[in-house]
Amino acid sequence: MTKTPEEKRAWYIGAKESQVADVAILIGDPGRIDRIALHLDDVERIPLNRGLQTITGTRSGCRITASAFGMGAPIAVVVMEELRALGARSFLRIGTAMAAGGRSLGDFVLADSALRREGTSDSYAPPGYPAVSDPELNAIILSHLAQQERPYGTGMFASYDGFYSQMFDLPGSRGGVRDALLSDIEKFGLIGADMETSALLVAGRMLGARTSSLCVATVDPLTQKKLDIEDMAAAEKDLFEIAIESLCSSTLQETR
């Protein structure tokens, strides 16, 4: 973070304080930035830096920032840290997750908590510290989920660092990669698995920010079947709308 006499600017995302809203959506795939921009008005695009893309737009007078981090907990938390330092106070991670706990491909899965199987959160809090979503933010998201037709569930996620060593078998790769993942799903009653949620929930709480994670279930952990492109495109549009409407909720605005 650099600070001139005029205004702070983030090192990596390149944004200035005036370019960041109070509420922020954290996105993995940078390609989604252009698509979520179509759901916003008055979009300002911060120049791409280190592959990180950030925009800020409006919805009915509410300013909202969306920032893409790519993949994995370490960079996701770097982006969160910088946005928080520039004034963002509420964060919603949106993207994709493995389905679990009876959820079907295409369902929405909302984390109320997460099992910490990644290492980034250890740099913020000891292993016994819980990774939990902000209850008021989740209540708002659930109210919006209840108004749409897509099936959804809420419960515990788990987040892992090793996609090809812990979560997904490449054809011809070593066996047993997913044994711990499948055991966690059964033992702890998980509803989803990803690479970022638990780290963001811990870091967000330590940074004094409201944080949650809402994903589309896109991969079956047993068969490794993936949601097809057309269904994902439809789910993504619904995901964008719920994220924007939830973060711009008057209830959330009033509780800051």
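Modeller: Contact here means heavy atoms within 4.5 Å. This is a predicted model, in which local features need pLDDT of at least 70, side-chain atom pairs count only at pLDDT 80 or more, and totals for chains, interfaces and linings use all residues. Residues are numbered from 1 along each chain as its sequence is written, and side-chain values use heavy atoms, with hydrogens and water left out.

Colleague: Which residues does Thr-197 touch, not counting residues up to four places away in sequence?

Modeller: Thr-197 lies in helix H6 (residues 197-206); helices are DSSP runs of H or I with at least four residues, numbered from the N terminus. With that sequence neighbourhood left out, the residues touched by Thr-197 are Arg-93, Ala-111, Ala-114, Phe-157, Ser-159 and Ser-213.

Colleague: Is Thr-197 buried or exposed?

Modeller: Buried means under 20% relative accessible area, exposed over 50%, and partly exposed in between (1.4 Å probe, protein chains only). Thr-197 has 0% relative accessibility, so Thr-197 counts as buried.

Colleague: Is Ala-139 buried or partly exposed?

Modeller: Ala-139 is found in helix H3. Its relative accessible area is 45%, so Ala-139 is partly exposed.

Colleague: At what angle do the axes of H3 and H7 cross?

Modeller: Axes are lines fitted to C-alpha atoms, for helices over the stretch in contact, and angles run from 0 to 180 degrees between N-to-C directions. The axes of H3 (residues 135-145) and H7 (residues 229-247) come within 9 Å, and their crossing angle is roughly 135°.

Colleague: Which residues of H7 make the contact with H3?

Modeller: On the H3 side, the contact is made by Leu-137, Ile-140, Ile-141, His-144 and Leu-145. On the H7 side, the residues are Ile-242, Glu-245, Ser-246 and Leu-247.

Methods: Helix = DSSP H or I, 4+ residues; strand = E, 2+ residues; numbered from the N terminus.
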